[in-house]
Amino acid sequence: MSRYDRQVIPILIRRRSFAAGLACLAFLLIGWSGLLVPSLTREIEGAFGETDAGLGLFYFLAAAAYAAGSVVGGIATERMGRRPVLVTAAALHAVGLVGLGLAPGWLAIMAAGIVRSLGAGGIDGGVNGLI
């Protein structure tokens, strides 16, 4: 092994370890943010006058958006690379979370939930290759 190899290989291992650690953190935060709305179900019903059927529709649309984001994120990662896909997906996820927190009405909650789920799915599709 050359001197160059002895210097470069540890750096690559550290970068990959750091990236894998960030990927695990991303999955943890996606799961945590996915628990926010279900834990506030009754408060949402009271504040926005929604029924269980409306919340069921919200969860269905969020799950469909997550699946779509995961598929599109995986395909986009293969074509464009991991970095731009993950940055875009993280921005979508963050915007969706802020939208959920500031939503003035039920339609805004639905839209923000879809945006959050698209971003979370994009992170999922882009990060799976790191773990």
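Which residues of α4 are buried? They are Val85, Ala89, His93, Gly96 and Leu100, where buried means under 20% relative accessible area, exposed over 50% and partly exposed in between, computed with a 1.4 Å probe on protein chains only. Seen down the axis of α4, these buried residues fall within an arc of 65 degrees, so they line one face of the helix; the arc is that of the directions from the helix axis to the C-beta atoms. On the other side of α4, Arg83, Val87, Val95, Gly101 and Leu102 are exposed.

**Basis of the report**

The structure is a predicted model, in which local features need pLDDT of at least 70 and side-chain atom pairs count only at pLDDT 80 or more, while totals for chains, interfaces and linings use all residues. Residues are numbered from 1 along each chain as its sequence is written, and side-chain values use heavy atoms, with hydrogens and water left out.

**Overall architecture**

The protein has five helices and zero strands, and from the N terminus on its elements run α-α-α-α-α. Helices (H or I, at least four residues) and strands (E, at least two) are DSSP runs, numbered from the N terminus. Of the 131 residues of the protein, 30% count as buried.

Helix α1 comprises residues 3–39, and valine 37 lies in it. With 12% relative accessibility, valine 37 counts as buried. Valine 37 is 22 residues from tyrosine 59 in sequence, and their C-alpha atoms are 9.3 Å apart in space.

In helix α2 (residues 41–48), the buried residues are Thr41, Ile44 and Glu45. They cover an arc of only 100 degrees around the axis, which puts them on the same side of α2. Arg42, Glu43, Gly46 and Ala47, on the other side of α2, are exposed. Glutamate 45 counts as buried at 15% relative accessibility, and its side chain makes a polar contact with the side chain of arginine 42 at 2.5 Å. A polar contact is a pair of N or O atoms within 3.5 Å; within protein, one must be able to donate a hydrogen and the other to accept it, and residues adjacent in sequence count only if both atoms are side-chain atoms. Just after α2, glycine 49 takes a positive phi of about 65 degrees.

**Helices α3 and α4**

Helix α3 (residues 52–80) has 29 residues and reaches 40 Å from its first C-alpha to its last, close to the 42 Å expected at 1.5 Å a residue. The expected span of a helix is 1.5 Å times one less than its number of residues. For helix α4 (residues 82–102), the 21 residues should span 30 Å, and the end C-alpha atoms are 30 Å apart, which agrees.

The buried residues of α3 are Gly54, Leu55, Phe58, Ala62, Ala65, Gly69, Gly73, Ala76 and Thr77.

**Packing of α3 with α5**

Two packed helices are described by the angle between their axes and the distance between the axes. α3 and helix α5 (residues 106–127) pack at an angle of about 30 degrees, with their axes 6 Å apart. Axes are lines fitted to C-alpha atoms, for helices over the stretch in contact, and angles run from 0 to 180 degrees between N-to-C directions. The residues of this contact of α3 with α5 divide into 14 nonpolar, 12 polar and one charged. Ala, Val, Leu, Ile, Met, Phe, Trp, Tyr, Cys and Pro count as nonpolar, Asp, Glu, Lys and Arg as charged, and the others, Gly among them, as polar.

Serine 117 is placed in helix α5 and is buried, with a relative accessible area of 1%. A polar atom of the side chain of serine 117 lies 2.9 Å from the backbone oxygen of glycine 113. Alanine 67, in helix α3, is partly exposed, with a relative accessible area of 43%. In helix α4, alanine 91 counts as partly exposed at 40% relative accessibility.

The table lists C-alpha separations for two pairs of residues.

| Residue pair | Separation along the chain | C-alpha to C-alpha distance |
|---|---|---|
| Alanine 67 and serine 117 | 50 residues | 8.3 Å |
| Alanine 91 and glycine 119 | 28 residues | 7.2 Å |
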